[in-house]
Each structure stands twice: as structure tokens, then as C-alpha cells.
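Here are my notes after going through this one. Have a look at the model first, then see whether you read it the way I do.

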Amino acid sequence: MANTPQAKKRIRRNERRKVINGNRVSRIRTFVKKVEAAIASGDKTVAAEALKAAQPEMQRGVSKGVLHKNTVARKFSRLTKAVAALG
């Protein structure tokens, strides 16, 4: 258990950040799912719009430190490729 005031404070702060970071990751997943759903439906314009909306959210996740930059780069690359492959 935490013995110092600072350690106790870190525990409180970590609990608050856990909620915020969890919400952020969940939001990003939702955006990615919208892109994947549009790709599955075969509608290129809707998929492109969804991808355009998802990209800033994914980058924000990197800048806030909840996702690794290479993970986001890989996911965005794959989604872009899938959208471009739509006819």
C-alpha cells in the first residue's frame, strides 16, 4: 500500500486518468469500426468520409499517449488500403 502522500496522490490521479484514457480508446475503436463497417458495405464515399473522421482521433490517441504511434500508423495504413481497394 502507498506510504507517502505523493504515492497516495498518484493512486488517485491514476484512477482518474484510467477513466479518461479508457474513454479515449473506446472512442477511437468506435471510429475505426465505422470505417470497417463502411468498407464491408462497399460504399467508397462513406468509407472515405469515415476514414477522414477517424484519422484525427487516432492521432490524438498517439499524442495523448494511450496508443503507440506504430500501432496507429499500421491500422491507418491498412484502413486506407482497404478504402482505396473499393471500386
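1. A word on terms before the contacts come up: two residues touch here when they have heavy atoms within 4.5 Å of each other. Keep in mind, too, that this is a predicted model.

2. Let me start with helix 1, which runs over 5-41. After helix 1 comes G42, with a positive phi near 90 degrees.

3. Which residues of helix 1 are buried? They are V25, I28, F31, V32, V35, A38 and I39. The cover over these buried residues includes helix 2 (44-63) and helix 3. As a reminder, an α-helix has 3.6 residues a turn, so residues three or four places apart point the same way. I'd look down the helix axis with that in mind.

4. Leaving aside residues up to four places away in sequence, V35 touches A47, A50, L51, A54, L79 and V83. Take A47 from that list: the C-alpha atoms of V35 and A47 are separated by 5.4 Å, while the two residues are twelve residues apart along the chain.

5. On to helix 2. Helix 2 has 20 residues, and the distance from its first C-alpha to its last is 29 Å, close to the 28 Å expected at 1.5 Å a residue. Its buried residues are A47, A50, L51, A54, E57, M58 and G61, and what covers them includes helix 1 and helix 3. G65 follows helix 2 and has a positive phi, near 85 degrees.

6. Is E57 buried or exposed? E57, which belongs to helix 2, counts as buried because its relative accessibility is 10%, and the cut-off is under 20%. As for its partners, the E57 side chain makes a polar contact with the side chain of R60, at 2.8 Å. Not counting residues up to four places away in sequence, E57 also touches R27, I28 and F31. Two of those, I28 and F31, are among the buried residues of helix 1.

7. Now T71, in helix 3. T71 is partly exposed because its relative accessible area is 23%, and that class begins where buried, under 20%, ends. The C-alpha atoms of T71 and M58 are separated by 9.7 Å, with the residues 13 apart along the chain.

8. Last, the largest pocket. How much space lies in it? About 220 Å³. Its lining is made up of V25, I28, R29, V32, K33, E36, M58, L67, V72, K75, R78 and L79. Helix 1 and helix 3 (69-85) are the elements that give two or more residues to this lining, and helix 1 provides the largest share, six residues. By residue class, the lining has seven nonpolar, five charged and no polar residues. Notice that V25, I28 and V32 turn up both in this lining and among the buried residues of helix 1. M58 is also in the lining, and M58 is one of the buried residues of helix 2.

Methods: Residues are numbered from 1 along each chain as its sequence is written. This is a predicted model: local features need pLDDT of at least 70, side-chain atom pairs count only at pLDDT 80 or more; totals for chains, interfaces and linings use all residues. Side-chain values use heavy atoms; hydrogens and water are left out. On a 1 Å grid over the protein atoms alone, a cavity is a set of points where a 1.4 Å probe fits but cannot get out, and a pocket is an open set with protein on both sides within 12 Å along at least five of seven lines; lining residues have an atom within 4 Å of a point. Grid points are joined across faces, edges and corners, and a volume is the space filled by probe spheres set on the points. Helices (H or I, at least four residues) and strands (E, at least two) are DSSP runs, numbered from the N terminus. Ala, Val, Leu, Ile, Met, Phe, Trp, Tyr, Cys and Pro count as nonpolar, Asp, Glu, Lys and Arg as charged, and the others, Gly among them, as polar. Buried means under 20% relative accessible area, exposed over 50%, partly exposed in between (1.4 Å probe, protein chains only). A polar contact is a pair of N or O atoms within 3.5 Å; within protein, one must be able to donate a hydrogen and the other to accept it, and residues adjacent in sequence count only if both atoms are side-chain atoms. The expected span of a helix is 1.5 Å times one less than its number of residues.
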